[in-house]
Amino acid sequence: MNEKTTRTVALSDHAREVIDHWVAKFPEGRQRSAVIEALRVVQHDNKGYLTADLMDAVADYIDVPRIQVYEVAAFYSIFETEPCGEHHISVCTNISCHLRGSQEIVDHIEKKLGVKTGESTPDGKFFLKREEECLAACVNAPMMMIDHVYYEHLTPEKVDDILDKIE
Amino acid sequence: MNYRENENLVAFAPFGLENSWTLDAYRSIGGYQSWQQVLSGELSADDIIDKVKASGLRGRGGAGFPTGLKWSFMPRNAPGQKYIVCNSDESEPGTCHDRDILRYNPHALIEGMAIAGYAMGATVGYNYIRGEFFAEPVPRFESALREAYEAGLLGQNINGSGIDFDLHMFVGAGAYICGEETGLLESLEGKPGRPRFKPPFPANYGLYGKPTTVNNTYTLASVPTILRKGPEWFAALGPEKSGGAAIYSVSGHVEKPGNYELPMGIPFPDLLEICGGIWKGRKLKAVIPGGSSVPVMPGEVIMECNMDYESLREAGSALGTGAVVVMDETTCMVRMLERISRFYYAESCGQCTPCREGTGWLNRVINRVIDGKGRSEDLDMLVEVANKIEGHTICALGDAAAWPVQSFIKHYRHEFAYMIEHGGRSIVEADGKAAA
């Protein structure tokens, strides 16, 4: 099995507690099922992105090969493996939102924050993650998600109000 | 039939009650009565499966497979662990009603999963909820689960009945492909959600290699009502072969977009009227009647159509998830298809070459047309690439990527041809119809 090098990062007590909670939901020996939830809490505690050290720490704690953690982090869109802004903004531009003016929302946010989609603001506050695929709020289009909170029936004015209130 | 009088009869039944997501609200409409009958031995596993079969319930996740038949495939009496898994990974573009079931009627899903588990000999269930639902639907479902445990409705030897059923929640992390049932099982095992080759089917080799049935949220949440009101009542709501109600997620260019739970088979013009008609007084152009994967239908075709499995299939499309995406006369069909093709390109898991490579080709060629660099042979090439993906992949994502391309070009070829001939200019702009 993989040689365990000395870690420079340790998982927080909070992260361990959350991971233990999830591991308990699966049968004995199936702790790999908790990898997604473990990465979620660790990414959240690290202000929005994962590092190789954190992924290794998760693998070691759950006791799965590290590659199994890397491949999950690479596969799922919620995980970021490069430094980025803390608050993740995802504007849905899929069909229902496209028909209700999502392009105007994307353009407005890019202008307001001075970044393009895929970039973070220099102060590290916002990450305009991507033109998001459907987030299942189609009847309230256009919409966006910031850190998992949905904002629906958007207009440029509403977007200003929402972004201005985020600390 | 007055369709409006038959709104919210199944999974949306408690809507309008104060705190409709609580156990008290759910019990006030007869919730958990069926589960209590199971616990007291009045309802056997065979009875349940027979009633679900008689109700005509079909899978609401898109494929429309008969639910009772699916349940009967489980080797119920075989030794060893078996699982019931709910697919709350709602992500088919245009579809947003499972989110409302989770937010406003989570107990119907819990009861449905418990009953399904019992009927199939599964003592453990997982509800796989998409990761983006983390802030609102997830805590709602979690708190309902807690209430159900505290009320003694779940657990080991429930109320001394000798029946065990433990239900857990699982939260995904953003991948459309995990809505495919074997991709979902891979994800539940902590892996990338790459679909498995079938056979073996999950009923024989599912979660952790154990017999498993995966059903959609709305399918499972319909079960308690079916048992409470009777399979005949449910079947009679819709036409033959399309029993019950559908939640139509109507989005796009209508005055009142929304989730409407209405009897199956409602004529499209009636549905459109309930949604306030086409917005801004404009004309209907086209409708995608069942989520982005199903073929697009010209407005004049769907205006003659009823909204159920068989009618839409006969008209060349499908009910799919019941996501009805309405487009008015200002819609550029080339740009619409570009957005759809981008989705499948982004969400292809990459394990099958025709899908991994083909979805990229489709998207790049459509973008070339939009950029004014289209060639006259591009339309035939798009159809050819789509035909080479369709039917040549492990899962249905490949088919789902192909069908919009085939149907958009079949019905709106002139719009694509116009754009190619006019250096990227859209026909709707030329007609002066473009939206402001």
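Predicted model: local features only at pLDDT ≥ 70, side-chain atom pairs only at ≥ 80, totals over all residues.
Helices and strands are here runs of residues assigned by DSSP, a helix having at least four residues and a strand at least two, and they are numbered from the N terminus.

A cis peptide bond, with omega of about 5°, joins Pro199(B) to Pro200(B). Pro142(A) belongs to the loop between strand 2 (126-132) and strand 3 (144-146) of chain A.

His148(A), although not a glycine, has a positive phi of about 75°. This histidine is found in the loop between strand 3 and strand 4 (149-151) of chain A. Its relative accessibility is 16%, and a residue under 20% counts as buried, so His148(A) is buried. Lys280(B) likewise is not a glycine and has a positive phi, of about 55°. Lys280(B) lies in the loop between helix 11 (268-274) and strand 8 of chain B. Is Lys280(B) buried or exposed? Its relative accessible area is 53%, and the limit for an exposed residue is over 50%, so Lys280(B) is exposed.

The next subject is the arrangement of chain A. This chain is divided into domain 1 (3-75) and domain 2 (87-165). Between the C-alpha centres of these two domains of chain A there is a distance of 29 Å.

Chain A also meets chain B. The contact involves 41 residues of chain A and 61 residues of chain B. Together the two chains bury about 4,100 Å², and 59% of this area is on carbon and sulfur atoms. On the side of chain B, Glu132(B), Ala173(B) and Arg339(B) lose the most area to chain A, together accounting for 16% of what that side buries.

What kinds of polar interaction cross this interface? There are 24 residue pairs in polar contact between chain B and chain A, both residues being at pLDDT 80 or more. Of the elements in chain B, helix 14 gives the largest share of the side that touches chain A, namely eight residues. By residue type, that side of chain B divides into 31 nonpolar, 18 polar and twelve charged residues. Five salt bridges are found across the interface. In one salt bridge, the side chain of Glu131(A) meets that of Arg342(B), with 3.3 Å from N to O.

Ser292(B) lies in the loop between strand 8 (284-288) and strand 9 (297-298) of chain B. With a relative accessible area of 1%, Ser292(B) is buried. Leaving aside neighbours within four places in sequence, Ser292(B) is in contact with residues of chain B including Glu92(B), Ile340(B) and Phe343(B), and also with Ile95(A). Ser292(B) and Ala400(B) are 108 residues apart in sequence, yet their C-alpha atoms are 7.9 Å apart in space.

Note on methods. Residues numbered from 1 in each chain as written. Chains lettered and ligands numbered in written order. Heavy atoms only, no water. Contact = heavy atoms within 4.5 Å. Buried area = accessible area lost by both parts, 1.4 Å probe. Salt bridge = Lys/Arg side-chain N within 4 Å of Asp/Glu carboxyl O. Polar contact = N/O pair within 3.5 Å; in protein donor to acceptor, adjacent residues only side chain to side chain. Nonpolar A, V, L, I, M, F, W, Y, C, P; charged D, E, K, R; others polar. Domains from an automatic or database assignment. Buried < 20%, exposed > 50% of the residue type's maximum accessible area, 1.4 Å probe, protein only.
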